[in-house]
Amino acid sequence: MFYYKVAVLSSSLKPLTYSSNNDIAPYCLVKVLLKTSLKTAVVLEKVEKTNFVTKEIEEILNSKFSFIQIELAKFISYYYVCEIGVAFGIFEPLVEPKFKQIEFTKEPNLSQKQQEAYEFASIHNSSLLFGDTGSGKSEIYIKLITKTLNQGKQALFLMPEISLTPQMQKRLEEYFGSHIGIWHSKITPKKKTQILEKFQNGEIKLIAGARSALFLPFVNLGIIIVDEEHDDSYKSAHKPRYNARDLALFLSSKLDIKVVLGSATPSLTTYKKQPTFRLNETFFQSQKSFLYDISETKITSKIKNELKTTLEKGKQAIVFLPTRANFKYMICLKCSAIVTCPFCSVGMSFHKDKNALKCHYCGFSTYAKVTCAKCGSEILEAKRMGTSEVLDELRALFPTANIAKFDRDEITTQKKLVNLLKDFNEQKIDILVGTQMLSKGHDYHNVELAVIMGIDENLSYADFRAREKTLALAIQIAGRAGRAGVGRVLLQTKQEEFFKNYISDYDKFLNDEDEFRDGLYPPYKRLLRVLISHKNAETAKNSMDSCLLNLKNVTNIEIIGYGRATIEYIASKYRYEILVRADSHKPIIQAARACANIANAEVDVDAINFS
């Protein structure tokens, strides 16, 4: 009889001991009985005979984890402070892989500057390609991938989820044909099974996908491209709270896998920590002018006139807002109280088409005809426009124009995404109104005007990266206009000076922001956020107090603050938080471990979300 330590996948249980008559190799998958349920688990190691009764392993599966996956799972467990079963639970296991050598002969022709960038990335194991919109980063990526695949290795191209458009897929297929697999959350389970089979058979050599693509069963991964490296969607909002960009850099240092990070608006942390090649030429002969509309968020005569001019020229426009729905919240005209969700301490958004108020945090919705909970008044006013309201107003102003919406309420499937982008690129749509989805890697060649509304709201967030994230968003949206000819960007803002200073000079912003962060925030410091939540406010506060008590025993950390979270009530749970700062990762991990086992507490190492 053999005895094994096994970790149940996706479970926060510590490893358990099971027995078997079979000699099982480490990191193979098995089925075990946990109470009355059959669970999938990974064998961690063989152990000595126990002095207690053990259950037998029910079944040995024909799958395991690859060496790359094992190293990555161990690091996730250590760095993001979670049980090893939780870490392994996010990986797709490996069935016996097969190798096929495929020669790729088609390569993009690079300009002299692109060739320099390619050579720079070739000599560094990890590097940042800081390239303006339209500077040709994709061609450099493709040439690097081609070189790697022709060495008999695999390649991974990571992108923010919404950047995985048919446009990018088509571009990659031009060079790699059927040997590319696309992987993201909107791919059906059946399609995922087919991709995994071809990947393990050696037919698929390149995976292009969102952050979850990092957890596929790579066995000889040679390069990872992280496009739009600044994007927050690389950071998981659920346990384990990993950052796929940072995991790629770990693999670069540990397993000698080449990593290229790319962005037109890189994060300051990446810019300071990585060897950087500045690519500031552009392949689009674009003349871009910036206009300012200093007013509240609304359709002003200036916006109206600029849109009218664009439509008269037979050109297209995009209109950005940070908010979905018709309005962000409803306010009582009598006492100024905001109509909030009964289960969250946030205002409910007004959706006119459903005549409903909806919470964008927990999903609760109710009939829009409500009375003020504070004073009982029925006189309510909608505030802060969203995409649906702008869509309605523009349709009334320009009845002959085809105007469409591009946000999460509208784009609920991959098919809808494909169809809408196809219609826009075929110029069947004149104006596209949308949220942040508009900024993500879409190549619109007939867009003459980009209107940016409501962006001041982003600057006011209680977040040390508020300026960086807001400016990056504005630059990304501005980059969609005038990609082939003359373009105009109209910013509706009361922070004109900030945008005038930096929107055409992100390099200057990075240098100024560096001064502001020094000694306080990343890249100079490490941050830990401990989030405590419970249905009972007193219980949540007691858990926070227990965490604070444990943190007293951790050296070389600074508690920046603690108390109620910015949004103190979500989905019927009261929320408290603790923010911890340190000079390096080791004290941060010690602090995270001091809190990780406290009831109702969740740790977030290198936090980027503070709401």
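User: How much space lies in the second largest pocket?
Analyst: About 620 Å³ in this predicted model (a pocket is an open set of 1 Å grid points over the protein atoms alone where a 1.4 Å probe fits, with protein on both sides within 12 Å along at least five of seven lines; lining residues have an atom within 4 Å of a point). The model's local features need pLDDT of at least 70 and side-chain atom pairs 80 or more, while totals for chains, interfaces and linings use all residues. Residues are numbered from 1 along each chain, and side-chain values use heavy atoms, without hydrogens or water.
User: Which residues are closest to its centre?
Analyst: Of the 30 lining residues, Arg 245, Asp 246, Thr 269, Lys 273 and Asp 606 are closest to the centre of that pocket.
User: And which elements give two or more residues to the lining?
Analyst: Those are H1, helix H7 (244-255), helix H8 (268-273) and strand S24 (526-534) (DSSP runs, at least four residues for H or I helices and at least two for E strands).
User: Switching to Tyr 79: buried or exposed?
Analyst: Tyr 79, which lies in helix H1, is buried, with a relative accessible area of 7% (buried is under 20%, exposed over 50%, with a 1.4 Å probe and protein chains only).
User: What is Tyr 79 in contact with?
Analyst: Beyond four places in sequence, Tyr 79 contacts Arg 526, His 585, Ile 589, Val 605 and Asp 606 (heavy atoms within 4.5 Å).
User: What joins the side chains of Tyr 79 and Arg 526?
Analyst: A polar contact of 2.5 Å (N or O atoms within 3.5 Å, one able to donate a hydrogen and the other to accept it).
User: How far is Tyr 79 from Tyr 242 by C-alpha atoms?
Analyst: Their C-alpha atoms are separated by 8.7 Å, although Tyr 79 and Tyr 242 are 163 residues apart along the chain.

Conventions:
Points joined across faces, edges and corners; volume = space filled by probe spheres on them.
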